[in-house]
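Here is a short report on one protein chain. Look at the sequence and the fold first, then read on.

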Amino acid sequence: MIRHVIIPPVVIWPSTLKDVSAAATDASQGLPGIVALSSADSPKKGMAEMSRSQRRRTAQEPWLSAAELQAWNAFMRVQMRMNYEMNRQLQSDNDLSLADYHVLNALTNAPDGRLQVSDLAALIGWERSRASHQLRRLCERGLAERVPSEDDGRATDAILTKAGREAIDAAAPGHVALVRRLFFDPLPDELLAPFTAALEHIHVHMNFNSSLPPVPW
C-alpha cells in the first residue's frame with residue numbers, strides 16, 4: 001500500500017482552471033499530456049501554452065518565457081512550502097524528519113521491505129552518498145538495518161525493521177492529513193486527472209534524461 005506520495009505541484013492559472021477538462025495523449029510517445037489552452041482562454045497575453053514547434057524554436061533561448069517563468073516560480077513556491085510544512089509536522093508529531101520519512105516510505109513499499117541502497121537513492125531522487133548517510137542515521141535509531149545484498153555481494157541492502165514499520169505506521173495518518181488539507185483540498189476534482197497526467201509526463205522524461213540513474217521500477 002502506498003502510504004506517502006509527494007506530487008511535485010504544477011500550478012495552472014486560477015482563471016483558466018475551469019477550462020481544463022481532460023488529459024490528452026501524446027501520440028508520438030504514448031505518454032499522457034494536457035489539453036493546451038488557446039490564447040483566447042488566457043487571462044493575460046503570453047499565458048497560453050506554447051505549441052511544440054514554438055517550444056522547439058525557443059529551446060536554445062537563455063531565458064524562460066513569461067508563461068514558463070510564472071509556472072516555474074509557482075511550482076517552486078508550492079514545493080518549498082510543502083517541504084517545510086511536511087518536515088515541521090513530522091518532527092513535531094513523530095520525531096521524524098521528512099528525509100527519514102522518504103526512506104522509511106520507500107522501504108515500506110519495497111518487496112519484503114528491502115532495497116539496495118543504490119535503488120533506494122534512485123527511487124527517492126538522491127545521490128547514493130546522501131541515501132547512505134540518511135540510512136546510517138535510521139540504523140542508529142533501530143528503524144532500519146544495513147546488510148550485504150542478496151543479489152550483489154559488493155552492494156548493500158537497506159532493510160526496514162519492525163521499529164521502522166511501527167514508526168511510519170504511526171506517522172502516516174498525520175502526514176496524509178496534512179497533504180490532503182494543504183495540497184489536495186484546494187485542487188478541484190476535475191483537475192486531478194490532467195494535473196496527474198502532466199506530472200507523469202514530466203517524470204518519465206526526467207527519469208531517462210537527468211543525471212541520476214532511472215528509478216528501478
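## About the model

This is a predicted model, in which local features need pLDDT of at least 70, side-chain atom pairs count only at pLDDT 80 or more, and totals for chains, interfaces and linings use all residues. Residues are numbered from 1 along each chain as its sequence is written, and side-chain values use heavy atoms, with hydrogens and water left out.

## The whole chain

The chain has seven helices and five strands. Helices (H or I, at least four residues) and strands (E, at least two) are DSSP runs, numbered from the N terminus. Along the sequence their order is β-β-α-α-α-β-α-α-β-β-α-α.

The chain has 217 residues, and 35% of them count as buried. Buried means under 20% relative accessible area, exposed means over 50%, and partly exposed lies in between (1.4 Å probe, protein chains only). The accessible surface is about 13500 Å², and carbon and sulfur atoms hold 54% of it. Such areas come from the Shrake-Rupley method with a 1.4 Å probe; for residues, only the protein chains shown count as cover.

Residues 24 or more positions apart account for 60% of them. A contact means heavy atoms within 4.5 Å.

## Two helices side by side

Helix α2 (66-94) packs against helix α6 (residues 162-184). Their axes are 10 Å apart, at an angle of about 150°. That makes α2 roughly antiparallel to α6. Axes are lines fitted to C-alpha atoms, for helices over the stretch in contact, and angles run from 0 to 180 degrees between N-to-C directions. Under 35 degrees counts as roughly parallel, over 145 as roughly antiparallel, 65 to 115 as roughly perpendicular and the rest as oblique.

On the α2 side, the contact includes Val78, Met82, Met86 and Leu90. On the α6 side, it includes Ala171, His175, Leu178 and Phe183. An α-helix has 3.6 residues a turn, so residues three or four places apart point the same way. Arginine 81 also sits in α2, and at 54% relative accessibility it counts as exposed.

## An enclosed helix

Why is α3 described as largely enclosed by the rest of the structure? Ten of its eleven residues are buried. Among them are Leu98, Tyr101, Leu104 and Leu107.

## Aromatic rings

Rings of Phe, Tyr and Trp (its six-membered ring) pair if their centres lie within 6.5 Å; planes under 30 degrees apart count as stacked, over 60 as edge-to-face and the rest as tilted. The count comes to three aromatic pairs. In one, the ring centres of phenylalanine 183 and phenylalanine 184 are 5.0 Å apart and the planes are at 75°, so the pair is edge-to-face.

Phenylalanine 183 is buried, at 11% relative accessible area. Phenylalanine 184 is partly exposed, at 26%. Phe183, Phe184 and Phe195 form one aromatic cluster.

Most residues other than glycine have a negative phi. Aspartate 95 has a positive phi of about 55°. It lies in the loop between α2 and α3 (98-108), and is exposed at 56% relative accessibility.

Aspartate 112 also has a positive phi, near 60°. Its place is in the loop between α3 and β3 (114-116). At 75% relative accessibility, aspartate 112 is exposed.
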